[in-house]
Amino acid sequence: VDDNRCRVTVTDRFGGRGHDFQVVDRESNANGGMLVVATSVPDEREWIQWKGRTARQDRPGQFHVILDQSVPPLSESKNKKILAKLKAPSAVAGSTSTRSKASDALTDDAKIEMLLDLSDDGIGDRLKQFEGEQATGEKLNELTEKYYKMHPRAYEDEEWPCAKYLESDIKLRRFLGVHADASPAEIRNAAKSEFGIELE
């Protein structure tokens with residue numbers, strides 16, 4: 001098909017890197033070229049990659065962002081003021097500053113910067129969450145290793161739970177599920193009281 005005007009590609013964030021989506025239809029290019037529609041806001045580096053999918057090889061391109069205000073980060077109460085600024089009419093295009101002199105309206109570029117800052121702020125929270133999950137996983141892994149040293153078995157011959165350690169194996173399975181979101185200190189205390197196992 002030579003007509004690219006009605007082609008739509010839906011992709012996840014990985015479609016924003018290393019892909020050339022070429023529009024060679026003259027009528028499409030005469031009307032602004034390929035349109036990229038983002039439905040989430042990544043960090044600044046990913047943003048540049050996403051924008052880079054359009055206006056390639058000296059062809060025109062367009063970029064729009066459509067966000068759902070009912071999901072984080074825009075739905076979070078701490079971001080109500082930011083949401084109000086984003087929804088306000090933009091300053092006149094071509095303004096020499098990020099703010100219009102006639103009003104307190106933000107330019108589209110300033111709104112983009114605000115969204116990118118909001119996304120970058122969330123990275124710290126996600127890293128802290130990941131760090132906590134890693135610490136919890138390490139403690140549960142340490143418990144499991146020490147448990148199996150105390151309750152050795154021939155893995156190739158026996159099913160799990162092992163008949164010899166049936167009660168304690170079932171107890172371990174329950175423990176791992178219950179403490180999947182626990183802090184390392186909670187796991188340490190519970191491992192000692194329930195299994196008599198000392199964790200570092």
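Biologist: In which segment does E198 lie?

Modeller: E198 is found in the segment after helix 6 (184-195); helices (H or I, at least four residues) and strands (E, at least two) are DSSP runs numbered from the N terminus. The model is predicted: local features need pLDDT of at least 70 and side-chain atom pairs pLDDT 80 or more, while totals for chains, interfaces and linings use all residues. Residues are numbered from 1 along each chain as its sequence is written, and side-chain values use heavy atoms, without hydrogens and water.

Biologist: Which residues does E198 touch, not counting those up to four places away in sequence?

Modeller: Contact means heavy atoms within 4.5 Å. Under that exclusion, E198 touches E142, K146 and K192. Of these, K146 is 52 residues from E198 in sequence, yet their C-alpha atoms are 8.7 Å apart in space.

Biologist: What pattern does the protein chain follow along the sequence?

Modeller: The order is α-β-α-β-α-α-α-α, with six helices and two strands. Among contacts with a separation of 6 or more, 55% join residues 24 or more positions apart.

Biologist: Why does E44 count as partly exposed?

Modeller: E44 counts as partly exposed because its relative accessibility is 36%. This residue lies in helix 2 (residues 44-51).

How values were computed:
Buried means under 20% relative accessible area, exposed over 50%, partly exposed in between (1.4 Å probe, protein chains only).
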